[in-house]
Amino acid sequence: MNRYSWFSVLKEGLTGHKGWPRAWRDPEPKPAYDAIVVGGGGHGLSTAYYLARNHGMRNIAVLEKGYLGGGNVGRNTTIVRSNYMLPYSTQFYEFSLKLWENLSHELNYNVMFSQRGQIGLFHSPAARDAAARRANTMRLNDIEAELLSREQLMTMIPHLDYSASARFPILGGILQRRAGTARHDAVAWGYARAADRLGVDLIQNCEVTGILRQGNRVTGVETTRGTILAPKVGLAVAGNTTLLTDMAGLGRMPIESHKLQAFVSEPLKPLLDYVVAFALPGGHFYISQSDKGGLVFGGDLDMYNSYAQKGNLPVVEDVAGCAMALMPCLGRVRLLRHWSGVMDMSMDGSHIISKTAVEGLYLNTGWCYGGFKATPASGWCFASTMAKDEPHELTAAFSLDRFERGLAIDEKGQGPTPNLH
Ligand SMILES: Cc1cc2nc3c(=O)[nH]c(=O)nc-3n(C[C@H](O)[C@H](O)[C@H](O)COP(=O)(O)OP(=O)(O)OC[C@H]3O[C@@H](n4cnc5c(N)ncnc54)[C@H](O)[C@@H]3O)c2cc1C
């Protein structure tokens, strides 16, 4: 397959764009592979890519029940950052951010990674202390962070409601300049195309309906397109995790499925140069402006368990209220569309990249609503776990058995209430 280049763009531009090859093949599933990754979202596709790129595995397949990128990877609000506090999370997300910084070159695909900076607002002296602590922790870990005063914010983002009577009075913010956004579906397409180029079979419309075991060893999967054998099977199915782990007989998982909605406005002229977010009791909101001009924003979960990819009106009202409280100028902007994804909320708010009790069966889940930014590092570490049958050093602490051993990684300190993480 040809690489994308200035030359190919120029040539196709001059010859009517008739010579572009399809981005990836559409192969029939083989009867057997060396490894199968279930789920053609960001994490499944990046895992397959790094299995091939880092570990030389070529006889592998990604099985996707719908179309590539139709799940959360194509539904999220695209915020990428590494402003974590706890040791394991900090290293993992910073590694991910470094992979993002070279991802378009790595994949030969423009994922439109835009390091425009992310600002978390704070609204009380106590929250300022917490933000200062976070910024200091980040700096101690060699991750840049800046504390901003209200006056600095007023020049950087003039459209916010800075009045003392605002519903969420703004005292300042914490900025990570290297954070930003990326084009979500380009990330899926970029990994898909790059994996296909390395020989990975990407099989769409292929739902896994059963997991085959011989004793305590996985031997393959049943699918809507027949039985496919493999000695290694990795599950990267986000909000559908518990359906798949039930098929494998893994027992009760520390995961709940919740829905999260996202919203996009009509396109506007440039209005917002940063990603802006805040979270406090009674309000949770994040907003950025896409390259097409739409304001992309969201808030809290719908707060009840569901596998449905659509949300409900109370959250629409809540998010619209937060939007108006923060940026009153949005009042006359029309909403273009909104949708929902199914989140894999874990008991401590952190992800799971792990071997399981079944030999050859591996688990990648628990991303809550922050897994998009983890896409490159998740694939890297999960591929390593699958290829070597041992945890990668960056994800060893994120094993499934941490819940049995009482070693939760609870960034928010919320305890085992998945919808609060
Ligand atoms: C509205 C919203 C906003 C978000 N905002 C952000 C954000 O700003 N920043 C951030 O970092 N994260 C964000 N997230 C979270 C992030 O999108 C997810 O954590 C991440 O995309 C999950 O991993 P994935 O891409 O592999 O999941 P998915 O794309 O959901 O992939 C899982 C795939 O598995 C497939 N599948 C399921 N069951 C089967 C089966 N039986 N057989 C075969 N295939 C199957 C599904 O069809 C799906 O394509 C957001 C999520 C949503 C919904």
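1. Which residue is the bridge partner of Ile119 in strand 14? The partner is Val276. Strand 14 (residues 275-280) runs parallel to strand 4 (residues 118-122), and three bridges join the two. Strands here are DSSP runs of E with at least two residues, helices are runs of H or I with at least four, and both are numbered from the N terminus. Two strands pair if DSSP finds at least two bridges between them.

2. A note on the source. This is a predicted model, in which local features need pLDDT of at least 70 and side-chain atom pairs count only at pLDDT 80 or more, while totals for chains, interfaces and linings use all residues. Residues are numbered from 1 along each chain as its sequence is written.

3. Another open sheet has three strands in the order 9-10-11, with antiparallel pairing. Strand 9 (208-214) and strand 11 (226-229) are at the edges, and each has a single partner strand, so one side of each lacks a neighbour in the sheet. From one strand to the next, the twist averages 25°. Strand 9 pairs with strand 10 (residues 217-223) over six bridges in the antiparallel sense. Within this pair, Leu212 has Gly220 of strand 10 as its bridge partner.

4. Strand 2 (residues 60-63) pairs with two strands described here. Strand 1 (residues 35-38) runs parallel to strand 2 and is joined to it by four bridges. Val38 stands opposite Leu63 of strand 2. Between these strands the chain passes through helix 2, and this β-α-β crossover is right-handed; that is, with the strands pointing away from the viewer, the path from the first strand over the helix to the second runs clockwise. Strand 8 (residues 201-203) also runs parallel to strand 2, with three bridges between them. Here Val62 has Leu202 of strand 8 as its bridge partner.

5. Which residues of strand 2 point one way, and which the other? Ile60 and Val62 point one way, Ala61 and Leu63 the other, and all are buried. In a regular strand the side chains alternate between the two faces of the sheet. A residue is buried if 20 or more other C-beta atoms lie within 10 Å of its own, exposed if 12 or fewer, and partly exposed in between, with C-beta atoms placed from the backbone.

6. The ligand has 38 residues around it, and Gly39, Gly41, Gly71, Gly341 and Gly371 come nearest. A residue is near a molecule or strand if its C-beta atom, placed from the backbone, lies within 6 Å of it. By class, the shell holds 14 nonpolar, 19 polar and five charged residues. Ala, Val, Leu, Ile, Met, Phe, Trp, Tyr, Cys and Pro count as nonpolar, Asp, Glu, Lys and Arg as charged, and the others, Gly among them, as polar. Helix 2 (42-55) and strand 13 (255-265) each supply at least two residues of the shell.

7. Why does the ligand lie between domain 1 and domain 2? Domain 1 (29-78 + 184-255 + 348-420) and domain 2 (110-180 + 257-343) both give residues to the shell around the ligand, so the ligand lies between them. The domain bounds come from an automatic or database domain assignment.

8. Helix 1 (residues 6-14) has nine residues and the number buried is zero, so the helix lies largely in the open. Just after helix 1, Gly16 takes a positive phi of about 80°. His17, in the loop between helix 1 and strand 1, has a phi near 55°, a positive value in a residue other than glycine. His17 is exposed, with 10 other C-beta atoms within 10 Å.

9. Cys368 also has a positive phi, near 50°, and is not a glycine. Cys368 sits in the loop between strand 19 (361-365) and helix 10 (375-388). Cys368 counts as buried, with 23 C-beta neighbours inside 10 Å.

Conventions. Axes are lines fitted to C-alpha atoms, for helices over the stretch in contact, and angles run from 0 to 180 degrees between N-to-C directions.
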